[in-house]
Structures are given as C-alpha cells and as structure tokens.
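Please read the sequence and look over the 3D structure before going on. The paragraphs after it lead through the two chains and the contact between them.

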Amino acid sequence: MMYRSVFPRDVFAELDRLQREIQQAVDYSPSIRGIGRGGFPAMNIGGTAKSVEIFAFAPGVDPASLDVQIEKGVLTVAGERKVDPVPDKASIHIDERFAGRFRRVVSLPEDVDANNVHAKYRDGVLHISIARKEASQPRRIAVQ
Amino acid sequence: MSENVTTKQAEAARQEAAMLPPVDVIEDAAGITLFADLPGVTRERLNLHVDADTLTIEGQVLLDVPDGMEASHAEVSLPRYRRVFTLSKELDPDKVEAQFDRGVLKLRIPKAEHAQPRKVEIKVA
C-alpha cells in the first residue's frame, strides 16, 4: 500500500527530516547541550591517560578574538569570524560558510586540572590540551 | 602497463571518502571569487588542479594528535576534503590566483578578456 501524507509536502523537506532522524539514531550521546553536528566550530574530542584533547575546527578566525574558558567543569570556546564584505554589484552563488559570532560549550570529565591547559591555533584548528590531575593518572607500583 | 596502473591509482584516490568543504562563491564583473574552509590542512597538503574545465580542491587534514589518544567524539571524522567544480567557458583557468591562510582558501578566477563586460556604444544618427 502506498503511504499517503495527509498534507503533501515538499520532497526536499521530507528528505531533510529523514536525514535528521537517521542522524539522531546514529549519534549515540543525546547530550542536553545537543552536541550538534553542523555547529561552528566543529569539534573532535579525545583523551589519553594524561590529558583531554579538544580540537575545534575554526578556520579563518583571528586568534586574538578567540576566548577559551574553563569554569565549573565546562569548557567554552567563543569568538567571532569575520567574512570579507561582498563588493557592490556582485552576486553570491553559493553561501555555505559560517559568519558571525560563535560559542560552543563542552562538559569536561571530572579529573581534569583546569590550571594546566595549553591552547594553540594552527591552520585554522584550535587545539586545547587539558592535563588530568596527577592523582587520577595510572601509576605503576613497584613490587619490592 | 605502468600508465594503466597510474590511472588505476588515480581512480582509487578519487574513490576515497572525503568531506565536502563549505564554500562561498561570489561573482563580479571581472571574475569569480571562491572561499573554501579547509581547517587542519597545511599549505603543503593542499592540492589544486584545473583540468580543462574542472577545478578540483583537495586537502589532507593533519592534526597534532598525541600518542595513544582515543577519540570520544568526532565531527570531523575523515582525513581529507575534496570538492570539484565545473568552470564555465568564459573563465580563464590559466589566471587562477590562490591564497591560503588559517585554513581558508581564497581563489580568484578571472573572466577571459573577451568575456569581460563592455559597454556597447549606441550611435545616434
């Protein structure tokens, strides 16, 4: 039997909805902050035994405009991306790049040391490395 | 034979999964300006080709990942970007200018001389 919609909708809107549904099923962590794909900057997060590593993909940003803060176990990356003004009598054919102010918030594991953070901006990627507290790092115990 | 192998390799490279970088394309009277976001790509790993009327932008992502890191969340999950555009015939592929800074590529593709706008004079008899 053919499925009939009560109110026929644009096929692209329907595809868009379908894509969002699939995405939701694939994203395993339904975070309250709604870690959204497609947010700016895109973020990759990983960890080693000694540190938590965060990569924020923020191309074309003046490093001086970047504001990185850690407060109450939450990391905030904020800034502004300025885009060249469009000259007069020019037409825009494709407009996909993000422009304007941005802010992204990530909750950190409990064992990070907020006083031992390194941040570096290179090739449009902000790399933040936060050390874990000494006490929580694995330690080898020598057997006498 | 060797030629066959190289085409096969090229074919394989083309099939590799890549991310589509976001772009802005702006046209004015003298040409087209294209901006592409390629964060994590160094100048050496950025590849631009113009082949007949096809413009290919390719870049490899290189992150400074410490040894033994386990990823817990990844929005950028592929190691390369690729995007292909077809140039229209009034554009001059020999005069493409490229700048790459902080992960943003700026390409300027001018229109060929003969395609530049010309004011048509109307003579009144």
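Predicted model: local features only at pLDDT ≥ 70, side-chain atom pairs only at ≥ 80, totals over all residues.

Residues are numbered from 1 along each chain as its sequence is written, and chains are lettered from A and ligands numbered from 1 in the order in which they are written. The predictor gives the complex an ipTM of 0.77 and a pTM of 0.76.

Chain A holds 1 helix and 8 strands; helices (H or I, at least four residues) and strands (E, at least two) are DSSP runs, numbered from the N terminus. Read from the N terminus, the order of elements in chain A is α-β-β-β-β-β-β-β-β. Of the 144 residues in chain A, 24% are buried, that is, 20 or more other C-beta atoms, placed from the backbone, lie within 10 Å of their own. Two residues count as in contact if their C-beta atoms, placed from the backbone, lie within 7 Å. Among the contacts in chain A between residues at least 6 apart in sequence, 53% join residues at least 24 apart.

In chain B, 3 strands make an open antiparallel sheet in the order 3-4-6. Strand 3 (41-51) and strand 6 (80-86) of chain B each have a single partner strand, so one side of each is left without a neighbour in the sheet. Strand 3 of chain B pairs with strand 4 (residues 54-61) of chain B over 7 bridges, in the antiparallel sense; strands count as paired if DSSP finds at least two bridges between them. Within this pairing, Asn47(B) has Glu58(B) in strand 4 of chain B as its bridge partner.

The contact between the chains takes 32 residues from chain A and 30 residues from chain B. On the side of chain B that touches chain A, the elements giving two or more residues are strand 1 (23-28), strand 2 (31-37), strand 3 and strand 5 (70-74) of chain B. Strand 1 of chain B gives the most, with 6 residues. Pairing also crosses between the chains: strand 1 (residues 42-47) of chain A and strand 5 of chain B are antiparallel partners over 4 bridges. There, Ile45(A) has His73(B) as its bridge partner.

Note on methods: Buried ≥ 20, exposed ≤ 12 C-beta atoms within 10 Å, placed from the backbone.
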